[in-house]
Amino acid sequence: MSQQLTETQAWQALEAHYQNVKDADLRTLFAEDGERGERLTAEGAELFLDFSKNRVTDETIRLLLDLARERGVEARRDAMFRGEKINITERRAVLHVALRAPAGTRIEVDGQDVVPEVHEVLDRMSAFSEKVRNGGWTGHTGKRIRTVVNIGIGGSYLGPEMAYRALREYRDPALALRFVSNVDGANFEAATEGLDAAETLFIISSKTFTTLETMTNAGVAREWLVGKLGDESAIAKHFVAVSTNTEEVRKFGIDTANMFGFWDWVGGRYSMDSAIGLSTMLSIGPDNYRALLAGFHAMDEHFRTAPLERNLPALLGLLTVWYNNFFRMETLGVMPYAADLARFPAYLQQLQMESNGKHVDLDGRHVTYETGPIIWGEPGTDGQHSFFQLIHQGTKLIPCDLIGFIKPLSANAHQHDLLMANFFAQAEALAFGKTLDEVKAEGTPDYQAPFRVMDGNRPTNIILADKLTPHALGTLVALYEHSVFTQGAVWQIDSFDQWGVELGKVLAKRIIPELSAAGDAPLGHDSSTNALIRRYRAGKA
């Protein structure tokens, strides 16, 4: 049984160090060290990380790196890349890195090289995408496909939707994408509003083809299509599947030649670069999709090979541990200064919170320390005019990751300069604030002066890329994947299972028939749930 985290030498050294630096002020740290802003940086896979505006010293970083080494982050990382079954509760390998490995790379699971299988699926996806994009694939009536509706939930939805929005500049304008995830019927109705069924293709994304929400929406889509086109045989030309369950796919009416599979070593929240990305490939094309994969792989290689001192995901993950476990921060803000990355924080919510929202360690012991933080955020500059007030002058410490791009997507360069001016200014304002003397020197009336003081000392990471391209998006997603991995390795938790998701699903299946039963039908829940179900029944009646 491994040593408890809080008992390790590195942890105790960090605790002692925290007592010495917890009140350190960024103004003072920068004033005393003229090279800090250039030294506390790292670069890799075409991303630049400036972590100088964190409440850390060189000694903090050294001690955090000691902690990573003592907790075996590097060894666990290498085990993942070797295909070992580091997902211990499901006894599975964790090999999303194989999804973007170049052809010719060898990565084994149980002695079998999985890379050729990955590329076989990629080639089939590419061939299918080209047929749809060039009009070679037509619907039941011979019409060209104009709209693709992706039906999935969780990782089968968040990644594709995020990527579709993020890569707006690379979309095929002749092909629109819509997304259905919520079992609320209004979601399906909104997604299909105004569509011509003869020009619509549905992608049903469910590994098992049994996910309740996804298959409920798939059934509604099937009825909608057959009702519009009047022929059951139309299903084969308007539905494809991303799944591993051949029998259920066939029962649904989908030609299994149009089924794209993936493997049990691909977790849902790590699957956007598997066949789950079929909708992304349809939108941006196979070449751009492979550029996306190349971005993932570039960050994989950086994480795998760079020393921890210069390793972007490792540094980002260790800084999260620093604030989460020593400053007791509860949330982490992610603010992309790119409107097209509006769904990136939501994507990271699942990645972080489903991975590291765990209360037992790898030995099955309840942890005695905090694990995963709450992730949230909105694009800048939108957030500056809503919740940034609390970050600047509130009583909670909220470290933030600010993500920006040097080159604009818009032709209006002046607007991009304005956006990036805000990007740099917010980091500066959060770090250094404004003192009472500075406020008064501006001529502020005494009655107003205290209200305009900003303490500063609010930490930020600055992540800077050249341009929001498919390659850059891949590097960003992989950056956070491996940051989450680093945190989980330090906390010694299984970042790749999600048993907490299951209980609600089981109870929902039990309640479903009870909602349609007679008002006096017996119920076996707690008094609150029983009363709520009776109220619902009465309201329906």
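Entry 1, largest pocket. I looked up the largest pocket and found a volume of about 1,200 Å³. I note that the model is a predicted one. I counted 44 residues in the lining of this pocket, and those nearest its centre are Thr211, Gln498, Val501, Glu502 and Lys505. I then sorted the lining of the largest pocket by class: 18 residues are polar, 16 nonpolar and 10 charged.

I next asked which helices supply at least two residues each to this lining. They include helix H9 (212-229), helix H15 (344-356) and helix H20 (502-516). The largest share comes from H20, with 7 residues.

I recorded about 460 Å³ of space in the second largest pocket. Its lining has 22 residues, and I found Tyr337, Ala338, Ala339, His416 and Leu419 to be the closest to its centre. Helix H17 (residues 413-432) gives the most to this lining, with 5 residues. By class, I listed 11 nonpolar, 7 polar and 4 charged residues in the lining of the second largest pocket.

I traced an open sheet of 5 strands with parallel pairing, in the order E6-E5-E7-E8-E9. Strand E6 (176-180) and strand E9 (259-260) are its edge strands, each pairing on one side only. I followed the pairing of strand E5 (residues 147-151) with E6, which is parallel and runs over 5 bridges. Opposite Ile151 I found Val180 in E6.

Technical notes:
Residues are numbered from 1 along each chain as its sequence is written. This is a predicted model: local features need pLDDT of at least 70, side-chain atom pairs count only at pLDDT 80 or more; totals for chains, interfaces and linings use all residues. Side-chain values use heavy atoms; hydrogens and water are left out. On a 1 Å grid over the protein atoms alone, a cavity is a set of points where a 1.4 Å probe fits but cannot get out, and a pocket is an open set with protein on both sides within 12 Å along at least five of seven lines; lining residues have an atom within 4 Å of a point. Grid points are joined across faces, edges and corners, and a volume is the space filled by probe spheres set on the points. Helices (H or I, at least four residues) and strands (E, at least two) are DSSP runs, numbered from the N terminus. Ala, Val, Leu, Ile, Met, Phe, Trp, Tyr, Cys and Pro count as nonpolar, Asp, Glu, Lys and Arg as charged, and the others, Gly among them, as polar. Two strands pair if DSSP finds at least two bridges between them.
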